[in-house]
Amino acid sequence: MTPVITVERLRKRYDQLPAVDDVSFEVNEGEIFGVLGPNGAGKTTTVECVQGLRQPDAGRVRVLELDPRTQAPRLRSRIGAQLQESSLPPRMKVAEALRLFSSFQSAGPPWRSVMQQWGLEDKSRSSFASLSGGQRQRLLVALALVNDPKVVFLDEMTTGLDPAARRATWELIERIRDGGTTVVLVTHFMDEAQRLCDRLIVVDHGRMVAAGTPEALVAQHADGVSVRFTLPPSAHPDAEPLLAAMRQLPGVQQVAVERDRVTVHGRPAIVAHVGKALVDAGSAPEDIEVIRPSLEDVYLRLVESGAP
């Protein structure tokens with residue numbers, strides 16, 4: 001993998017308070033890279049330093065082999081950005097916005113083709129104020145891509161959108177990556193990160209507390225899986241032999257019973273062992289459920305503890 005962004009020991013303080021404290025990571029070409037964390041964690045400040053919008057106090061940053069501190073004009077011609085507070089004048093029309101942003105760049109596809117690519121032709125004469133939330137995000141994405149950037153930064157894109165608009169925006173982000181553009185996605189939505197990100201970092205109180213693929217972080221920091229089912233009538237009134245057998249299964253850490261509901265918790269391999277034990281006992285619950293930890297579970301554990 002070729003890194004297009006390298007960040008080494010980045011630091012930024014405001015009034016002696018550390019907004020970014022010794023953060024290091026790499027973003028590879030052609031991936032969606034997530035920057036996760038709660039509000040005020042330092043996500044946006046980190047990304048703004050990478051884009052050259054803010055000057056870090058210490059550390060080394062390279063984007064497309066350029067230094068954002070000393071080569072910001074050259075860098076901005078090669079990147080795109082949809083910032084956290086992105087907006088346009090209410091009366092500005094879609095076509096006007098695309099034509100204006102296109103005029104700032106000497107390279108990139110014609111703005112009309114960008115408008116067509118992102119499904120905005122029928123809204124070309126519509127004002128920004130008249131667009132729905134999803135349509136506004138579609139326009140902001142198009143504006144971020146009008147210069148055909150190698151890297152695009154998307155900051156809290158889906159905040160305030162309804163579920164349908166969020167799903168549509170996720171598809172836009174995947175289209176950007178599939179078109180060959182590297183995406184840096186700033187978000188605090190875990191379902192969004194788990195769906196979209198090839199790799200990610202978790203930031204809390206200005207520090208990076210975890211890094212990796214969503215799957216690797218779940219495997220590393222989660223505490224196993226649970227299998228839940230209802231005791232079949234054949235297991236009543238004496239279910240203790242079955243429960244005792246469950247407790248002896250490889251990888252089982254806990255067996256809990258609440259009325260006729262049984263929850264078996266342990267390492268991922270227990271799913272197969274519990275299923276076999278039920279079949280061997282002549283029981284086949286119709287409501288057997290496997291509960292796997294999510295990225296959100298891991299995230300909450302990381303930010304609550306403040307450490308990996």
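Predicted model: local features only at pLDDT ≥ 70, side-chain atom pairs only at ≥ 80, totals over all residues.

Residues are numbered from 1 along each chain as its sequence is written, and side-chain values use heavy atoms, without hydrogens and water.

Take helix 3 (residues 94-103) and helix 5 (residues 133-145). Their axes come within 9 Å and cross at roughly 20 degrees. Axes here are lines fitted to C-alpha atoms over the stretch in contact, with angles from 0 to 180 degrees between N-to-C directions. Helices are DSSP runs of H or I, at least four residues, and strands are runs of E, at least two, numbered from the N terminus. Angles under 35 degrees count as roughly parallel, so helix 3 and helix 5 are roughly parallel to each other.

Which residues in helix 3 and helix 5 meet? V94, A97, L98 and F101 in helix 3 meet L139, A142 and L143 in helix 5, with contact meaning heavy atoms within 4.5 Å. The residues of this contact divide into seven nonpolar, no polar and no charged. Nonpolar covers Ala, Val, Leu, Ile, Met, Phe, Trp, Tyr, Cys and Pro; charged covers Asp, Glu, Lys and Arg; the others, Gly among them, are polar.

The largest cavity holds about 30 Å³. A cavity is a set of points on a 1 Å grid, over the protein atoms alone, where a 1.4 Å probe fits but cannot get out; lining residues have an atom within 4 Å of a point. I5, F25, V27, V35, V47, V50, F153 and V184 line the largest cavity. Strand 2 (17-28) and helix 1 (43-51) each supply at least two residues of that lining. By class, the lining has eight nonpolar, no polar and no charged residues.

Methods:
Parallel < 35°, antiparallel > 145°, perpendicular 65-115°, else oblique. 1 Å grid on protein atoms, 1.4 Å probe; cavity = no way out; pocket = protein on both sides within 12 Å on 5 of 7 lines; lining within 4 Å. Points joined across faces, edges and corners; volume = space filled by probe spheres on them.
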